[in-house]
Amino acid sequence: GENVEQHPSTLSVQEGDSAVIKCTYSDSASNYFPWYKQELGKRPQLIIDIRSNVGEKKDQRIAVTLNKTAKHFSLHITETQPEDSAVYFCAVNSGGSNYKLTFGKGTLLTVNP
Amino acid sequence: DTGVSQDPRHKITKRGQNVTFRCDPISEHNRLYWYRQTLGQGPEFLTYFQNEAQLEKSRLLSDRFSAERPKGSFSTLEIQRTEQGDSAMYLCASSLGSSTEAFFGQGTRLTVV
């Protein structure tokens, strides 16, 4: 089955700095790569996603890059703010499935004021 | 809030008891998913419905687990003869058509004592 590795498991940055979280996956058939943000005690919320036909996608301070050859994708957050503090999960659609997601173990991001 | 809703939010039960959780998806969404999340991990796929049909069950789902979506709207997840290892957050998500963007509910936190 699909294997998703996410690094780092914790990340602490100063407000205004950038944060980068990386994920690797194993199944070359995967073609959908969402990122979810989960604040303590709250539901996971989709913040950005990318499909395999593009290499980069940006939405204000958030960007995702995809390298299909190397089977890795990354989340980039610029100008971090304290409210960005949360657990971030990458996910991959298993085997190119259009419904089943395999998640990474998450990255706890702490933005220090 | 017109998002995915789950009930109850918290459930404490004694080992060996049966429990049932309910999920109400976003009204026009025909796809419904159950995931399980334990502390420090990402959500793990349990099962998937398209309308009322249960199309996939993870091997994580033992015979003690059963899910239904009788009219293609709300869904229930029942766990029989609960064990301490069943303690987790049970997340429901829904999506529309072939879109893989899944919207999550806030989850039901199960504690088996």
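1. A:Cys90 is buried, at 0% relative accessibility; buried here means under 20% relative accessible area, with exposed over 50% and partly exposed in between (1.4 Å probe, protein chains only). The model is predicted, so to speak of local features takes a pLDDT of at least 70, side-chain atom pairs count only at pLDDT 80 or more, and totals for chains, interfaces and linings use all residues. Side-chain values use heavy atoms, with hydrogens and water left out, residues are numbered from 1 along each chain as its sequence is written, and chains are lettered from A and ligands numbered from 1 in the order in which they are written.

2. What is A:Cys90 joined to? Its disulfide partner is A:Cys23, with S to S at 1.9 Å; a disulfide here is a pair of cysteine sulfur atoms within 2.5 Å. A:Cys23 is buried as well, at a relative accessible area of 1%. The torsion about the S-S bond is about -95°, so this disulfide is left-handed. A:Cys23 sits in strand β3 of chain A and A:Cys90 in strand β9 of chain A, so the pair ties together parts 67 residues apart in sequence. Strands are DSSP runs of E, at least two residues, and helices runs of H or I, at least four, numbered from the N terminus.

3. Over all chains, a search of the whole structure turns up two disulfides. In chain B, B:Cys23 and B:Cys92 form one, sulfur atoms 1.9 Å apart. It is left-handed, with -70° about the S-S bond. B:Cys23 is in strand β3 (residues 19–24) of chain B and B:Cys92 in strand β9 (residues 88–95) of chain B, 69 residues apart. B:Cys23 has a relative accessible area of 0% and is buried, and B:Cys92 is buried at 0% relative accessibility.

4. Back to chain A and its sheet. Five strands make an open sheet in the order β1-β3-β8-β7-β6, with antiparallel pairing; strands pair if DSSP finds at least two bridges between them. β1 (4–7) and β6 (56–59) are the edge strands, each pairing on one side only. β3 (residues 19–25) and β8 (residues 72–77) of chain A pair over six bridges, and A:Cys23 stands opposite A:Phe73 in β8(A).

5. A:Phe73 also turns up in the largest nonpolar core: of its 23 residues, A:Trp35, A:Phe73, A:Leu75 and A:Leu109 touch the most other members. Such a core is a set of buried Ala, Val, Leu, Ile, Met, Phe, Trp, Tyr and Cys residues joined through side-chain atoms within 4.5 Å. A second, separate core of 19 residues includes B:Ile26, B:Ala67, B:Ile79 and B:Cys92.
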